[in-house]
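Open the model in your viewer and keep the selection tool at hand. The stops below say what to select next and what is there.

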Amino acid sequence: MDYRQTLNLPKTGFAMKANLSAREPEIQRFWKEKDIYGKVLERTRGNQAFILHDGPPYANGDIHLGTALNKILKDIIIKYKSMRGFHCPYVPGWDCHGQPIEHEVEKRLGEERGRLDLMEVRRRCREYALHYVGRQSEQFQRLGVLGDFEDPYLTLKPAYEAANVRILAELVGRGLVYRSRKPIHWCPRCMTALAEAELEYREKESPSIYVAFPLLDALPGRGDEGAAVVIWTTTPWTLPANVAIALHPDMEYVLADTSGGCLLLGRPLLEEAVKGMRLSSCQELASYKGSELKGLRARHPWRDRASVLVNSEYVTTGQGTGAVHIAPGHGEEDYYVGLEYDLPMPMPVDDAGRFTGEAPEFEGLFIEDANERILADLRGRGLLLGSGELLHPYPHCWRCKGPVIFRATPQWFIGVDREYNGSTLRLRCLEAVSGVEWVPSWNIRRMKGMLETRPDWCISRQRAWGVPIPAFYCNACGRELLTPQSLRKVEEMIGAEGSDAWFLKDVREILGEGFSCPGCGGSDFRKETDILDVWFESGVSHEAVLHSWEGLTWPCDMYLEGSDQHRGWFQTSLLTAVGARDAPPYRSVLTHGFVVDGEGRKMSKSLGNVISPLDICDRLGADILRLWVAAADYTVDIPASQEIFDRLVEAYRRIRNTLRFLLGNLFDYDPERDAVAPGDMEEIDRWIISRLQGLVRRCTQAMDRYQLHLVYHALHNFCAVDLSALYLDMRKDCLYTFAPRSRQRHSAQAAIYRVFTAITRLMAPILCHTAEEAWQALRGGAGADSVHLQEWPQVEEDLLDAHLEDRFEQLLQLREMVTKSIEELRLAKEIGTSLEAAVDLKVPEHMRGLLGEREGLLPTIFIVSEVHVDYGGAGEVEVAVRRAAGSKCARCWNFRASVGEDPAYPDLCDRCLPVVMEWGGGRG
RNA sequence: GGGCCUAUAGCUCAGUAGGUUAGAGCGCACGCCUGAUAAGCGUGAGGUCACUGGUUCGAAUCCAGUUAGGCCCA
């Protein structure tokens, strides 16, 4: 007879094959239909808040692994905190303005470019940004992220735009905003500023010249020998704007008597320079350290002012003479040297790249055309020591393809060292940083280091797509008008109508009456055309968002972004918050590393090692991606590779099958009807319940420290070892073969029920879809609550039984010896399954305490048919395994002497016989 | 070149305050089972703790340097 149907074999609709790519969208629909996000907020309303403020990704392109990692981390933390009872509204946001979008739109315009007016460009940029907001929103939700996706914050919304002006007004009120010049990339043909991303680097042939700057002061310890310091440059046209010559403080400089005169050159570059200038003789006279020469003056080729020798770490030994010509208006490094030494910044070049009256010798000439004249002039003065041509990579304009230049233009700045109320923004920020919790903790070093060295913040951009810098200029005297009062007017307007209004309305419409120039008292103004740096825009998100969505708080509890944001959003947010609101906008800052490949190298198209999160979702499922996030120690680089995902899929399967098996054994269990209190459970069931408490404790501690990978490992280990390899394997005999309503089986089921309902909740923040699917499966689906509406499991101290666990630890050690012995027999082909084995233990007397009362449990622990214990052992435990006596019971597969005792059921053992009788009776 | 950080089995991670033969899971190899079955179980083999030097009775752990890699800056 086939006794299969008399067994309580597992039954469940929870499929072994996950098919996540199809199932997850269904679960997400379920969340949406039931408004689970709203219900979670409802459940926690009135509780303490935990606000994670979303850093806005840029609305350009599809999400990549890094963006996915970031959003999943946030989502896991929010789901966990919500289950812990915190009120966690999550408002996702997008960075919608800025040069990359404008550049993309312009590229697509093609022929139309140039014909479109500013407003049309802005309209198209807006369309473009909103398109990608929609797209990324769907992609984020596909990852299982829950949040207020119906009403996200967008930096292009009027209310958000107004916040920029509000913060700016505060900064202006504190005297932190000023206007000054700074060199930027400039295309003299298009007459426009260019961003780094708009540059195309190509080879260019430039003049390569050596120029003598005769020293006005004597060298230390020497008389006046008419010595000259020699510079090398590829941009002769920047020489009229020269104000200094930079030497490396640690480099050695040689004074040499040469065929070209008495020259000062850097020692490491001496040979090359002598060759470059074709000098026939060169005799060393003296040598100096760069730091010794600081402060000496040289004669400028054309101006009355001296060119002063300064020290700079920027000077390299790669090319040139070790003496670098400095024109602060024509180079970024030059600019910083200028700031350091408080040098003047002449700018004799106009918008069209022509020399102005500031360089009368070359006035009217286009810079490239002037090179020749400059060379001739220098030669005439005897200052040109050598000239040639050089092919080198040089930035070109993406539009007209011509070479671009560095040119100082007026910009707006936030001064970090301006004093107000007895301190500066820099110092206040440094102070504020100490009150913030940095995770990992060493991030405070990085943040402080960057704050200490950062320059003033240039917040203006010569662009169309963004929020205007709402300044006015007096048409009479040119002076700017930017006051808290004028800004309030603009804030009102932008808040009501959006930033387009700035461009559409004239000054009087915006300002109204009552404003006059602080310089000349005039009342005729024009508008600034620059817009704000997008970093300023995202930097005011705390102001724009945290006050404006229900339930959010200022400051918030956490910012969570990649470690690159120390220089980005963490810092810009801190500057605007401390500058305008006198406090940091966040209580804690958590950072993660960057995604790298299996070899630890960064992901890049050129390396061909890029993995798309959307592709992973389609092929493997979002839960696999979430498992990847949870499994990695994200404080450092996060590796991603095919192999890693393969391993994660295996791990996922293990967890899923464990859930499935648990569910399968609960098919006939009713927690109301069949419950068994832990105190009444079988010892083995109390053991797994106790182990479960340890798991809950470990997971809770790890989550509280944001150490997700410890949760993953703990959960996986629990499923693979405690449950699959041990508890469930040992308990199958009871679950399958005991009478369905027997006390022992109910005890096992009650334990399994507790385990199941706990681990599904433990994994819910991470495997949010799978946990939901399993949770629904337990209740048969319809009308069930979401697992995300459940509370995080609590450690039940009274169920934690260290003594019991210790006892089981010893039993499991015995088990290990037994399984090894069984394996020997199996290898010898004497037995197959362990139920074919009988075990004889010879143990010392002192083990009677451990084993005496548990002899009946030993066959279960070892999963064998028979165990005999002899307490007459001397020292070591001796294990002997032999084939079990008796015959195999056709139902429970144990080997029993009792099989065959009942002629009506000759293949049943005495344990199965009554169960079958009852089963038959129950059926009849 | 500068700042911050990382390096433990093929993979993901533990390794508490320097102290026995460095752990886990997965993968792999071999075997078992066929009542978790595109599952489950057992046994086993894998590590010069990146490298070099130092401190110490003793270093994966502390210090210095080197190499490789990441982020930011130049």
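**Salt bridges**

Select Glu 513 and Arg 508: the two form a salt bridge, with their closest N and O atoms 3.3 Å apart. A salt bridge here is a side-chain nitrogen of Lys or Arg within 4 Å of a carboxyl oxygen of Asp or Glu. The model is a predicted one, in which local features need pLDDT of at least 70, side-chain atom pairs count only at pLDDT 80 or more, and totals for chains, interfaces and linings use all residues. Residues are numbered from 1 along each chain as its sequence is written, chains are lettered from A and ligands numbered from 1 in the order in which they are written, and side-chain values use heavy atoms, with hydrogens and water left out.

Glu 513 is exposed, at 61% relative accessible area, while Arg 508 is partly exposed at 47%. Buried means under 20% relative accessible area, exposed over 50%, and partly exposed in between (1.4 Å probe, protein chains only).

Next, select Arg 166, Glu 170, Arg 174, Glu 491, Glu 543, Arg 581 and Asp 582 together; salt bridges with shared partners join them into one network. Within that selection, look at Glu 491 and Arg 166, whose side chains meet in a salt bridge at 3.1 Å, N to O. This pair links distant parts of the chain, 325 residues apart: Glu 491 is in helix H13 (residues 484-497) and Arg 166 in helix H6 (residues 158-173). Helices (H or I, at least four residues) and strands (E, at least two) are DSSP runs, numbered from the N terminus. Glu 491 is buried, with a relative accessible area of 18%, and Arg 166 is partly exposed at 25%.

Move to Arg 174 and Asp 582, another salt bridge, with the closest N and O atoms 3.1 Å apart. Here too the pair links distant parts of the chain, 408 residues apart: Arg 174 sits in the loop between H6 and strand S4 (177-187), and Asp 582 in the loop between helix H18 (569-581) and strand S27 (586-592). Asp 582 is partly exposed, at 49% relative accessible area. Over the whole structure, a search finds 61 salt bridges.

**RNA strand B**

Which part of the RNA faces the protein? Of the atoms of RNA strand B within 4 Å of the protein, 82% belong to sugar or phosphate and the rest to bases.

- Asp 637: a side-chain N or O atom is 2.9 Å from a sugar or linking oxygen of RNA strand B.
- Tyr 736: a side-chain N or O atom is 2.7 Å from a phosphate oxygen of RNA strand B.
- Lys 829: a polar side-chain atom is 2.9 Å from a phosphate oxygen of RNA strand B.

Colour helices H12 (443-453), H21 (642-664), H23 (708-737) and H26 (802-827), the elements that give two or more residues to the surface near RNA strand B. H23 gives the most, with 11 residues.

**Arg 891**

Select Arg 891, in the loop between strand S33 (887-888) and strand S34 (895-896). Arg 891 is buried yet has no salt bridge, and the nearest side chain of opposite charge, Asp 733, is 7.9 Å away. In that count Lys and Arg are positive and Asp and Glu negative; His and the chain ends are not counted. The side chain of Arg 891 does reach the backbone oxygen of Thr 737, at 2.9 Å.

**Backbone geometry**

Finish on the backbone. Val 439 and Pro 440 are joined by a cis peptide bond, with omega about -5 degrees; Pro 440 lies in the loop between strand S19 (437-439) and H12. A cis peptide bond also joins Trp 554 and Pro 555, with omega about 0 degrees.

Last, select Tyr 706, which has a positive phi of about 60 degrees although it is not a glycine. Tyr 706 lies in the loop between helix H22 (683-704) and H23, and is buried at 11% relative accessible area.

Terms used
A residue is near a molecule or strand if one of its heavy atoms lies within 4 Å of it. A polar contact is a pair of N or O atoms within 3.5 Å; within protein, one must be able to donate a hydrogen and the other to accept it, and residues adjacent in sequence count only if both atoms are side-chain atoms.
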